[in-house]
Amino acid sequence: MDDYILEVKNISKTFPGVKALSDVNFRVRPGSVHALMGENGAGKSTLMKILYGIYTPDKGGEVYLEGKKFKPTGPIDAIRSGLTMVPQEISPAQNLTVADNFYLGREIGRAGFLDQAKMNKRSLETLEELGISIGVKVLMENVSVAKAQLIAIATAVSYDAKVIIMDEPTTALTEAEVSQLYNIIKEVKKRGIAIIYISHKLDEIFETSDEVSVLRDGEYIGTKNINEIDKEGLIEMMVGRPMSDMFDREEVPIGDVLIEVKNLQKTGKFQDVNFEVHKGEIFGIAGLVGAGRSEITEALFGYKPADSGEIIVNGHHVTINNPNDAIANKIGFVTEDRKATGLFLNLNITDNIIMPDMSPYLKNLLISTGLIQNVAENQKDALRIKTPSVNEITDNLSGGNQQKVLLARWLILEPDILILDEPTKGIDVGAKAEIYKIMVELAKMGKAIIMISSDMLELLAMSDRIMVMAEGKATGILTKEQASQEIVLKLAAGDTLETLTEI
């Protein structure tokens, strides 16, 4: 046990109707980065909440920190013992300064008063040691989400932590800030502090980690040194099947044109966009951030209508000024940000699924509870939404299952055209594979799917054709045979099909 700063032995946790963890074992060495991987719902969050004192494990398991039994009664107890967590979504006190947040709950006093000068000085020293440049007197409401994330990590270090849990730490970070985070991690390791690193981004895991452990369906699958495994092997550990199965794309017959766009334009966003999508086709849209991808689909759905141009659905010119117009024309839209613009997280699964149109569930002006329950149960089974009940609050679901709830909302309206903006963003590889299967099934039913994706592998594997955008203009539409990562990137950078010699 001396080789490990933290050791988890035979930890289990049961919730009503759900076995979240089953005899899980997990060990972390001091001064190392130990990645914890697994699909959404694999048990990662439950295990971390046990370590942080939020949940109490079932009887029989034990946790050791520095060789001593560790059973925190809550987060404060865990922090005082040397284990702290930087959550994915941090909640700083916005009306306090950086330094005040740094010492929130452990303020430094002198003669019965706050020693503000000392708190400012010490917090600044820690931030500078970790290479984080920000004034400690700045109010947190004026600090970017990315900076707040780095400040939270620095705060964890200042607790004299022995183990720091980092849950999806790069979600809000730019590429430059991610590089800064990696430097902070190196500094933290030098201090002998262990990091438990949770991320869905495989590149990060191989960049930062020394070891990786995998959970699947609440069970411990194994631990590997990072140099003993590759991405394909890690994915297979996580999902229980080879990576190649994820993109086992079934060929679907392409039918007639279902939607056609002519000279679509929105000032300052995109201009002269032309394309058509056929029945049974998955039509990908690629491009860099800010290229106009999402804006085009928002116009098609009437969320932010175009200024000019034509939209033709099933051979008929249509006017789409708002989402109701789009829904009336059998268009559905799964937005990029399921939490901000997609789901009502404080409502249950059933309420979220029936939200766009409640009229089918009304009987004598009253909602038929039995009918909506049946609809929700059918969608739960069809999309394999992992939940003990359709009455579960949506915020309690994993990211992948939240995405399925959002899909279910539109599928019950039976759209002919389904727009998917970053359909697998922030979900694990297992949930991605299930989303891909759903897309293929919809295509087989003759639906037209328009998919925006920043995942190049996903884009190339799933799309029948790809339209590439650059600075608001379509630089080319590629067939599956023409498309490659190199060509897509060149078009996204502003080249056109006419200027390329590779095709």
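This report walks through the overall form of the chain and then a few of its local features.

## About the model

The structure is a predicted model, in which local features need pLDDT of at least 70, side-chain atom pairs count only at pLDDT 80 or more, and totals for chains, interfaces and linings use all residues. Residues are numbered from 1 along each chain as its sequence is written, and side-chain values use heavy atoms, with hydrogens and water left out.

## The chain as a whole

Let's start with the big picture. The chain contains 17 helices and 24 strands; these are DSSP runs numbered from the N terminus, with helices being H or I of at least four residues and strands being E of at least two. Its C-alpha trace spans about 75 × 50 × 50 Å along the principal axes.

Of the 503 residues, 51% count as buried, where buried means under 20% relative accessible area, exposed over 50%, and partly exposed in between (1.4 Å probe, protein chains only). Among contacts with a separation of 6 or more, 64% come from residues 24 or more positions apart; a contact means heavy atoms within 4.5 Å.

Next comes an open sheet of four strands in the order 2-1-4-5, with antiparallel pairing. Its edges are strand 2 (18–28) and strand 5 (68–69), each of which pairs on one side only. Two strands pair if DSSP finds at least two bridges between them.

Strand 1 (residues 6–15) runs antiparallel to strand 2, and seven bridges join them. One place to look is Ile-11, whose bridge partner in strand 2 is Val-24.

## A buried glutamine

Gln-149 sits in helix 5 (residues 145–158). This residue counts as buried because its relative accessible area is 4%. Leaving aside residues up to four places away in sequence, Gln-149 touches Val-86, Pro-87, Gln-88, Ile-90, Glu-168, Pro-169 and Leu-173.

## An exposed asparagine

For a contrasting setting, turn to Asn-95, in the loop between strand 6 (83–86) and helix 3 (98–102). Asn-95 counts as exposed because its relative accessibility is 58%. Asn-95 and Leu-139 are 44 residues apart in sequence, and their C-alpha atoms are 6.1 Å apart in space.
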